[in-house]
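Open the model in your viewer and follow the stops below.

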Amino acid sequence: MKPNTRILDYTALVQDGILTLDDVPQDISKEVTKWVRYLSGVTDNGMVKDDNTGTTPVPDTAPAVIDTSSLNLNVTKKAGE
């Protein structure tokens with residue numbers, strides 16, 4: 001489900017450190033918490049109970065692997081190395 005503008009506004013304020021999750025109005029606190037966690041990349045939902053039956057996609061946080069074999073690196077060794 002897409003968040004509405006009110007939820008996005010509070011999410012941005014929490015992410016910027018202007019508000020805490022305790023300052024968010026009770027009627028949208030659950031949704032704001034969900035979006036803050038999603039946008040920050042939290043993948044562990046150990047203590048969070050989600051009433052939705054759908055799954056939320058989790059961003060891939062694996063580091064990129066760079067293939068350096070095709071790079072032309074001019075590395076010279078000193079004598080005796």
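Helices (H or I, at least four residues) and strands (E, at least two) are DSSP runs, numbered from the N terminus. This is a predicted model, where local features need pLDDT of at least 70 and side-chain atom pairs count only at pLDDT 80 or more, while totals for chains, interfaces and linings use all residues. Residues are numbered from 1 along each chain as its sequence is written, and side-chain values use heavy atoms, with hydrogens and water left out.

Now color by burial. Of the 81 residues, 10% count as buried. Buried means under 20% relative accessible area, exposed over 50%, partly exposed in between (1.4 Å probe, protein chains only).

Next, select residues 5-15, helix 1, and residues 29-40, helix 2. They pack at an angle of about 55°, with axes 9 Å apart. That makes helix 1 oblique to helix 2. Axes are lines fitted to C-alpha atoms over the stretch in contact, and angles run from 0 to 180 degrees between N-to-C directions.

Zoom in on the contact (heavy atoms within 4.5 Å). Show I7, Y10, T11, V14 and Q15 in helix 1.

Last stop: A12, in helix 1. Is A12 buried or partly exposed? A12 is partly exposed, with a relative accessible area of 32%. Draw a C-alpha to C-alpha line from A12 to V36: it spans 8.2 Å, for residues 24 apart in sequence.

Notes:
Parallel < 35°, antiparallel > 145°, perpendicular 65-115°, else oblique.
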